[in-house]
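Thanks for coming. I have one structure to go through today, and I will take it piece by piece. Please look at the screen.

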Amino acid sequence: MRIIMCSVAAIALSGCSWMGFGSGTNGSHGSYSPSASTKCCVGGDTLSTWNLEGAIGKEFIVGGDALTGSQAHTGFSSPTNALVDVSMKDAYSNGKRASLGGSYALNPNRKVSLQGFYSKASGNEVVFGSQGGQDITGTMSDYKSYGVEAGLRQYFKPRNIPLLKSFRPYVEGRLGAAHVDDISLNGISQTVATSLNTPTSLAVYQGGWVPTATGLIGVETPVFKRMTLGLETGVQFTGKLKSDDSDKAAGTFNSRYAGFNNGGGRVVVPLTLRGRYRF
């Protein structure tokens with residue numbers, strides 16, 4: 001998965017570098033003279049170099065495994081005792097994301113960006129197996145992460161559409177790292193009480209840093225002299241977390257759950273509204 005993540009972002013980044021057929025305009029959608037000696041102004045013939053950017057949006061979960069019950073060790077192999085796989089999409093509600101950072105214009109059509117972000121998705125109650133013929137349920141703890149991403153953005157020729165003065169499409173590739181909080185399965189219970197032992201909670205994944213890779217497409221439109229708004233979407237990969245087996249020691253009842261936490265990576269489709277202020 002880590003190789004796939006890096007490859008996707010590398011393709012997006014390389015695509016940004018060779019698709020340089022923009023119009024030679026600056027972020028304000030005005031004209032730009034390559035021979036201009038200064039780069040301080042906005043809305044004229046010079047390039048606005050530094051930009052402050054902020055964004056908010058949703059993250060729609062489309063891939064990844066939260067629990068891998070089919071890989072659990074012995075103890076859940078009979079028809080009445082079994083663990084099942086649970087996808088990230090079923091284990092979590094669609095998340096929220098906010099970011100703040102900046103960008104620097106290399107030329108009128110290309111920017112490098114750096115941003116910090118925070119993301120959260122609420123855990124759902126899931127059925128992750130059966131014991132004694134009864135469903136075993138639990139609630140995933142929230143998926144919380146923060147981190148940093150660096151990107152390369154390539155703009156294309158501005159276009160005119162009704163109701164807007166103009167809009168400008170772009171693509172962007174990002175690579176980064178996210179710190180994800182510990183993940184556990186809480187409030188474990190069976191639909192009908194039995195005399196069989198069932199833990200009330202289980203550690204699932206250790207918190208830590210994992211790589212991220214993102215490919216985006218979007219459009220920007222000017223709203224004020226120094227302000228533009230952008231709407232973007234794409235695909236983001238977040239690397240696998242390390243399994244937490246601290247409460248599944250060999251020889252204990254909970255050891256039967258070892259192996260059900262071999263997932264932890266996820267794939268989301270972000271939908272983000274981004275504002276950019278040009279200095």
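Start with Ser141: a polar atom of its side chain lies 2.9 Å from the backbone nitrogen of Ser184. Keep in mind that this is a predicted model. Ser141 is found in the loop between β8, residues 134–140, and β9, residues 143–155. Is Ser141 buried or exposed? Ser141 counts as buried, because its relative accessible area is 14% and the limit for buried is under 20%. Leaving aside neighbours within four places in sequence, the residues in contact with Ser141 are Tyr92, Gly123, Asp182, Ile183, Ser184 and Asn186.

Asn186 takes us to the strands. Asn186 is in β12, where it stands opposite Thr139. The strands here are β8 and β12, residues 183–190, and they pair in the antiparallel sense over four bridges. As a reminder, strands of a sheet pair through backbone hydrogen bonds, either parallel or antiparallel. β8 and β12 belong to an open sheet of six strands, in the order β3-β7-β8-β12-β13-β16, with antiparallel pairing. Which are the edge strands? They are β3, residues 82–83, and β16, residues 242–243, each of which pairs on one side only.

Next, strand β5. On one side we have β1: β1 and β5 run antiparallel and are joined by 10 bridges. Within that pairing, Ala98 in β5 stands opposite Ile56. β5 also pairs with β6, residues 110–121, again in the antiparallel sense, and there the count is 11 bridges. Here Ser99 stands opposite Phe117 in β6. β5 and β6 make a hairpin, with two residues between them.

Gly95 is a residue of β5. What is the relative accessibility of Gly95? It is 0%, so Gly95 counts as buried. The C-alpha atom of Gly95 is separated by 4.0 Å from that of Ala121, although the two residues are 26 residues apart along the chain. Not counting residues up to four places away in sequence, Gly95 touches Gly57, Lys58, Glu59, Lys120 and Ala121.

Glu59 from that list brings me to charges. How many salt bridges does a search of the whole structure find? The search finds 14. In one of them, the side chains of Glu59 and Arg97 meet at 3.5 Å, N to O. Arg97 is in strand β5, residues 95–107, and Glu59 is in strand β1, so this pair links distant parts of the chain, 38 residues apart. Both Arg97 and Glu59 are buried.

Glu59 has another partner. Glu59 also forms a salt bridge with Arg266, with 3.1 Å between the closest N and O atoms. This pair links strand β1, which holds Glu59, to strand β17, which holds Arg266, and the two residues are 207 residues apart. Why do we call these two buried? Because Glu59 has 1% relative accessibility, and Arg266 has 4%.

Further along, Arg276 forms a salt bridge with Glu220, and the closest N and O atoms are 2.7 Å apart. Arg276 lies in strand β17 and Glu220 in strand β14, residues 208–222, so the pair ties together parts that are 56 residues apart in sequence. Arg276 and Glu220 are both buried. The pairs I have described belong to one network, joined by salt bridges that share partners. Its members are Glu53, Glu59, Arg97, Glu149, Arg153, Glu172, Arg174, Glu220, Glu232, Arg266, Arg274 and Arg276.

Last, the surface. Which residues form the nonpolar patch? They are Ile56, Phe60, Val219, Val223, Phe224, Leu229, Leu231, Leu271 and Leu273, and together they have about 790 Å² of accessible area. At least two residues of the patch come from each of β1 (50–63), β15 (227–238) and β17 (266–278). Take Leu271, which lies in strand β17. Leu271 is partly exposed, because its relative accessible area is 42%, and partly exposed covers the range between under 20% for buried and over 50% for exposed.

Notes
Residues numbered from 1 in each chain as written. Predicted model: local features only at pLDDT ≥ 70, side-chain atom pairs only at ≥ 80, totals over all residues. Heavy atoms only, no water. Patch = residues over 30% accessible without salt bridge, like charges linked within 9 Å, V, L, I, M, F, W, Y side chains within 5 Å. Areas by Shrake-Rupley, 256 points an atom, 1.4 Å probe, with all protein chains shown as cover. Salt bridge = Lys/Arg side-chain N within 4 Å of Asp/Glu carboxyl O. Buried < 20%, exposed > 50% of the residue type's maximum accessible area, 1.4 Å probe, protein only. Polar contact = N/O pair within 3.5 Å; in protein donor to acceptor, adjacent residues only side chain to side chain. Contact = heavy atoms within 4.5 Å. Pairing = 2+ DSSP bridges.
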